[in-house]
Amino acid sequence: MKSKITLYSDKELIEQIKQYARENKTSVSQLVNNIFKAILLNKKSNKNLKKSKITDSLEGILKDSKIDIDDYKNYLEKKYL
């Protein structure tokens with residue numbers, strides 16, 4: 001059963017989307033459906049990813065450390081520059 005949805009966007013963007021749909025011989029509705037299907041499929045596949053025992057053992061290992069983002073940036077600069 002199909003149902004209707006109303007979406008709002010910038011007029012210029014809508015025109016570009018319509019043009020893209022025409023060039024690809026599809027409809028805006030089909031484009032939107034494909035995008036939502038891809039989002040939902042990606043969400044499901046991310047839930048199904050299993051962590052390994054190694055990942056589980058490392059989780060939270062640096063929680064109480066004094067290392068911050070600047071330390072990491074400095075490390076990368078030294079390594080690659």
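Helix 1 covers residues 11-23. Its 13 residues reach 19 Å from first C-alpha to last, close to the 18 Å expected at 1.5 Å a residue. That expected span is 1.5 Å times one less than the number of residues. Lys25 follows helix 1, with a positive phi near 50°.

This is a predicted model: local features need pLDDT of at least 70, side-chain atom pairs count only at pLDDT 80 or more, and totals for chains, interfaces and linings use all residues. Residues are numbered from 1 along each chain as its sequence is written, and side-chain values use heavy atoms, with hydrogens and water left out.

The chain has 4 helices and 0 strands. Helices (H or I, at least four residues) and strands (E, at least two) are DSSP runs, numbered from the N terminus. Along the sequence the pattern is α-α-α-α. The radius of gyration, taken over C-alpha atoms, is 23 Å.

Burial is next. Buried residues (under 20% relative accessible area, 1.4 Å probe, protein chains only) make up 2% of the 81 residues.

Now to helix 4, residues 69-80. Its 12 residues should span 16 Å at 1.5 Å a residue, and the end C-alpha atoms are 16 Å apart, which agrees. At the start of helix 4, a side-chain oxygen of Asp68 comes to within 3.2 Å of the backbone nitrogen of Asp70.

Terms used: A polar contact is a pair of N or O atoms within 3.5 Å; within protein, one must be able to donate a hydrogen and the other to accept it, and residues adjacent in sequence count only if both atoms are side-chain atoms. The radius of gyration is taken over C-alpha atoms; the globule rule is 2.2 Å times the number of residues to the power 0.38. Buried means under 20% relative accessible area, exposed over 50%, partly exposed in between (1.4 Å probe, protein chains only).
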